[in-house]
Amino acid sequence: MYAQERQQEILRLAREAGRVDVLSLADQFQVTAETVRRDLKALDRSGLVRRVHGGAIPAGRLDFEPDLTERESTAADEKDRIAAAALAELPAGGSVVLDAGSTVARLAAAIPVDSALTVVTHALPVAARLADHTGIDLHLVGGRVRHRTRAAVDAWALRTYAEIRADVLFLATNGFTAEGGLTTPDLAEAAVKRAAMAAARRVVLLADSAKAGQEHFARFGSFTEVDLLITDPGLDPAQKAAIEAAGTEVVLV
């Protein structure tokens, strides 16, 4: 079977089942797991599927939201580089908001223990990473905790963000496009992200390139509201140019 034929069959299976996994496909087609990963990468680049941990889902499932463990293990190398680059954006002795997201959580883990910062977050994993940093004045935003993301949402969180003005927000997103802006599957999560954007003087988006071209149900912002996007070199040059045209600086790491 030629690669193109195999990819067409993989696409059919993904659309029928809602998801395919690498190991099952390798067994079914009697090829290596690496061959399947290349097939999924080709389909992802064509916009036909979206790669997720261990496999792929068909494109267009706007309600799909991977759980925290799956997000943390996806594009790990890219996220580590993005988090490392984001350290340079921390305001010395200033205040930051850390959004709920796996790349932002990596940034939190990379912040030096002796840092002097005021940090506000509604993300439990982020707060846990910073709880032993004695130089950090840590504020945990309350609210209903979404089990899928371990993030606080709803009225309590929205009221808290309405009361502050931080130097920098480090923002996460499930998907982004130059035209459609920033999106996430959950309306309550989107509302908190929107409130956090309004609570900061500068917005820094941390997102790996696999999120480019992905659009989800709830929109919470546009690139006219984002000062800096830190992503990886996999970002399509046309998307990069369009994002920069909106006024956002783009850094590839």
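Strands β1 and β3 (residues 55-58) are joined by two bridges and run antiparallel. Helices and strands here are DSSP runs, numbered from the N terminus: helices are H or I with at least four residues, strands are E with at least two. Two strands pair if DSSP finds at least two bridges between them. The model is a predicted one: local features need pLDDT of at least 70, side-chain atom pairs count only at pLDDT 80 or more, and totals for chains, interfaces and linings use all residues. Residues are numbered from 1 along each chain as its sequence is written, and side-chain values use heavy atoms, with hydrogens and water left out.

Which residues face each other across these strands? Val20 has Ala56 of β3 as its bridge partner. Asp21 stands opposite Gly55 in β3.

Put together, the three strands make an open sheet in the order β1-β3-β2, with antiparallel pairing. The edge places belong to β1 (20-21) and β2 (49-52), each with a single partner strand, so one side of each lacks a neighbour in the sheet. Strands of a sheet pair through backbone hydrogen bonds, either parallel or antiparallel.

In a regular strand the side chains alternate between the two faces of the sheet. In β3, Gly55 and Ile57 point one way, Ala56 and Pro58 the other way, and all are buried. Buried means under 20% relative accessible area, exposed over 50%, and partly exposed in between (1.4 Å probe, protein chains only). Helix α3 (residues 33-45) lies across β1, β2 and β3 and runs at about 130 degrees to β2. For such angles, axes are lines fitted to C-alpha atoms, for helices over the stretch in contact, and angles run from 0 to 180 degrees between N-to-C directions.

## Salt bridges

How many salt bridges does a search of the whole structure find? There are 13 salt bridges. Each is a side-chain nitrogen of Lys or Arg within 4 Å of a carboxyl oxygen of Asp or Glu. One of them joins the side chains of Glu89 and Arg202, at 3.1 Å from N to O. Glu89 sits in the loop between α5 (76-86) and β4 (95-98), and Arg202 in strand β12 (residues 200-206), so this pair ties together parts 113 residues apart in sequence. Glu89 is partly exposed at 24% relative accessibility. Arg202 is partly exposed too, at 27%.

Lys193 bridges to Asp99, with the closest N and O atoms 2.6 Å apart. Lys193 is in helix α9 (residues 187-198) and Asp99 in the loop between β4 and α6 (102-110), so distant parts of the chain, 94 residues apart, are linked. Both Lys193 and Asp99 are buried. Lys211 and Asp208 form another salt bridge, at 2.7 Å from N to O. Lys211 and Asp208 are buried as well.

## Aromatic rings

The structure holds one aromatic pair. Rings of Phe, Tyr and Trp (its six-membered ring) pair if their centres lie within 6.5 Å; planes under 30 degrees apart count as stacked, over 60 as edge-to-face and the rest as tilted. The centres of the Phe176 and Phe223 rings are 5.8 Å apart and their planes stand at 80 degrees, so the pair is edge-to-face. Phe176 lies in strand β10 (residues 175-177), and Phe223 in the loop between β13 (218-221) and β14 (228-231), so parts 47 residues apart in sequence are tied together. Phe176 and Phe223 are both buried.

Lys193 also meets a ring: it lies over the face of Phe220, 5.5 Å from the ring centre. A charge sits over a ring if NZ of Lys or CZ of Arg is within 6 Å of the ring centre and within 35 degrees of the ring normal.

## Helix α6

Why is α6 called largely enclosed by the rest of the structure? Because seven of its nine residues are buried. They are Ser102, Thr103, Val104, Ala105, Arg106, Leu107 and Ala108.

Thr103, in helix α6, is buried, with a relative accessible area of 3%. Thr103 touches Lys79, Ile82, Ala83 and Leu206, leaving out residues up to four places away in sequence. Contact means heavy atoms within 4.5 Å.
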